[in-house]
Amino acid sequence: MKKSTIATSVVSVALALGLAFSFASCKSSAPSQEVINESFGKVYKNYSGIVNLEGAQNYTVQSGDTLTAISKNFYGQENGYYFPLIMVASYEVVLDPDLITPGMELVIPDFDSNINDEEIAAKLSPYFRDVSNIYKLKDTEAAPVTRENLLKISDELAEKGKNAIQDAVNAQAEKAIDTASANVEEALDNAVETVEEAVEEVVE
């Protein structure tokens with residue numbers, strides 16, 4: 001009886017450990033590539049059209065290319081992590097930056113006319129942040145470093161875009177003041193006209 005009880009207990013413990021391991025494996029498994037592609041696609045579509053494509057170039061992916069290497073080639077060695085610029089202009093060709101293949105035709109937006117434009121920079125900041133968030137889903141060694149660099153760029157773009165945001169706020173405020181002033185002026189004119197008409201009636 002004792003041996004049977006011990007054997008049963010061992011089997012029960014083994015089954016419990018097996019189930020726990022299976023549950024932990026399922027819980028910690030990375031999302032499928034389909035989910036990652038869908039996430040990238042949503043972000044690109046949300047920000048489609050924010051980049052200035054004037055002066056953009058076309059590039060055919062070569063064997064051994066990576067998006068960071070292509071970015072460095074076009075934007076400078078220190079700017080490899082600006083590849084989301086390329087992706088938002090090329091998302092109909094490829095969704096995941098890590099899955100480019102030879103023969104793909106990418107659109108390379110001009111760096112200066114986008115990054116150094118305060119208004120565009122203000123729009124690019126949340127875009128880079130949203131792309132960085134998808135790298136939480138990617139179970140690769142490079143993902144944390146990529147995410148960190150994208151977040152850094154997002155902060156830099158936000159700083160550049162502060163003036164543009166402030167200008168937009170000021171413009172809205174001025175427009176509201178002008179509208180209010182016009183309404184007040186119109187109301188005063190109407191009031192004066194009403195008083196004049198009343199006076200004329202009294203005189204008559």
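User: Hi! Is Ser71 buried or exposed?
Analyst: Ser71 is buried in this predicted model. Its relative accessible area is 0%, and buried means under 20%.

User: Where is Ser71 found?
Analyst: Look in helix α3, which covers residues 67-75.

User: And what is Ser71 in contact with, leaving aside its neighbours within four places in sequence?
Analyst: Ser71 is in contact with Gly76, Asn79, Gly80, Tyr82, Phe83 and Ile86.

User: What about Phe83, buried or exposed?
Analyst: Phe83 is buried as well, with a relative accessible area of 3%.

User: Switching to rings now. How many aromatic pairs does the structure hold?
Analyst: There are 10 aromatic pairs. In one of them, the ring centres of Tyr47 and Tyr127 are 5.3 Å apart and the planes are at 50°, so that pair is tilted.

User: Where do Tyr47 and Tyr127 sit?
Analyst: Tyr47 is in the loop between α2 (33-46) and β1 (57-60), while Tyr127 is in helix α6 (residues 118-134). The pair links distant parts of the chain, 80 residues apart, and both residues are buried.

User: Back to Phe83: why is its pair with Tyr135 edge-to-face?
Analyst: Because the planes of Phe83 and Tyr135 are at 65°, and over 60 degrees counts as edge-to-face. Their ring centres are 6.5 Å apart.

User: Where are those two, Phe83 and Tyr135?
Analyst: Phe83 is in the loop between α3 and α4 (84-90), and Tyr135 is in the loop between α6 and α7 (143-203), 52 residues apart. Tyr135 is buried, at a relative accessible area of 4%.

User: Last one: which residues form one aromatic cluster?
Analyst: That would be Tyr47, Tyr75, Tyr82, Phe111, Tyr127 and Phe128.

Key: Residues numbered from 1 in each chain as written. Predicted model: local features only at pLDDT ≥ 70, side-chain atom pairs only at ≥ 80, totals over all residues. Heavy atoms only, no water. Helix = DSSP H or I, 4+ residues; strand = E, 2+ residues; numbered from the N terminus. Buried < 20%, exposed > 50% of the residue type's maximum accessible area, 1.4 Å probe, protein only. Contact = heavy atoms within 4.5 Å. Phe/Tyr/Trp six-rings, centres within 6.5 Å; stacked < 30°, edge-to-face > 60°.
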